[in-house]
Amino acid sequence: MLKGLLAGGITLGIAAVFPHTIVLPFFAAVLGLILGVGPGMAMGNPELGSVGVEWAATFFFMGLGMIGLWASPLFLAAAWGLHGFWSLLRQLTALADGQPRAYARFCITFDLVLGGFVAYIWVVGS
């Protein structure tokens with residue numbers, strides 16, 4: 001969990017040096033990178049049968065993030081928050097097979113830090 005908080009803080013620090021017009025696309029790009037891990041791990045263990053579920057979740061979260069860039073940052077914040085919830089659900093189901101438990105804890109905290117900051121951006125209206 002501490003690694004997720006630290007990585008979230010570092011990511012926020014990196015975003016702080018960008019012009020404000022690039023911050024939300026940066027967070028969407030980081031979301032895309034994080035989303036690629038789930039299907040990658042599932043494709044590494046195709047016998048578990050979770051590849052399709054992981055890809056569907058990835059496309060859903062990425063679509064929500066893209067809507068966040070187009071319509072409102074609240075959708076991007078929701079994508080981050082829901083991905084954290086997805087990481088928790090994954091650990092409570094058979095989807096966790098073949099995935100390190102530490103990855104779920106990292107994702108939950110990292111996603112909540114970034115989602116919370118994007119929601120803050122939406123509230124203050126930047």
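## Exercises on helix packing in a predicted model

α4 and α5 are roughly antiparallel to each other (an angle over 145 degrees). The model is predicted, so local features need pLDDT of at least 70 and side-chain atom pairs count only at pLDDT 80 or more, while totals for chains, interfaces and linings use all residues. Residues are numbered from 1 along each chain as its sequence is written, and side-chain values use heavy atoms, with hydrogens and water left out.

**Exercise 1.** Determine how α4 and α5 pack, and which residues make the contact.

*Solution.*
1. Helix α5 covers residues 73-92; its axis comes within 6 Å of that of α4, and the two cross at roughly 160°. Axes are lines fitted to C-alpha atoms, for helices over the stretch in contact, and angles run from 0 to 180 degrees between N-to-C directions.
2. The crossing of α4 and α5 is left-handed, the near helix being turned anticlockwise from the far one by less than a right angle.
3. Contact means heavy atoms within 4.5 Å. From α4 the contributors include Phe60, Phe61 and Leu64, and from α5 they include Leu82, His83 and Trp86.
4. By class, this contact of α4 with α5 has 13 nonpolar, three polar and two charged residues. Here Ala, Val, Leu, Ile, Met, Phe, Trp, Tyr, Cys and Pro count as nonpolar, Asp, Glu, Lys and Arg as charged, and the others, Gly among them, as polar.

**Exercise 2.** Describe the packing of α2 against α4.

*Solution.*
1. Helix α2 (residues 20-35) and helix α4 (residues 51-70) have axes 10 Å apart, at an angle of about 175°.
2. That makes α2 roughly antiparallel to α4.
3. Among the residues in contact are Leu24, Leu31 and Leu35 of α2, together with Thr58, Phe61 and Met62 of α4.
4. The contact of α2 with α4 holds nine nonpolar, three polar and no charged residues.

**Exercise 3.** Is threonine 58 buried or exposed, and what does it contact?

*Solution.*
1. Threonine 58 lies in helix α4; helices are DSSP runs (H or I, at least four residues), numbered from the N terminus.
2. Its relative accessible area is 11%, so threonine 58 is buried (under 20%, with a 1.4 Å probe and protein chains only).
3. Leaving aside neighbours within four places in sequence, threonine 58 is in contact with Leu35 and Pro39.

**Exercise 4.** Characterise the overall fold.

*Solution.*
1. The protein has six helices and zero strands.
2. Buried residues make up 40% of its 126 residues.
3. The C-alpha atoms fill a box of roughly 45 × 30 × 20 Å along the principal axes.

How values were computed: Parallel < 35°, antiparallel > 145°, perpendicular 65-115°, else oblique. Buried < 20%, exposed > 50% of the residue type's maximum accessible area, 1.4 Å probe, protein only.
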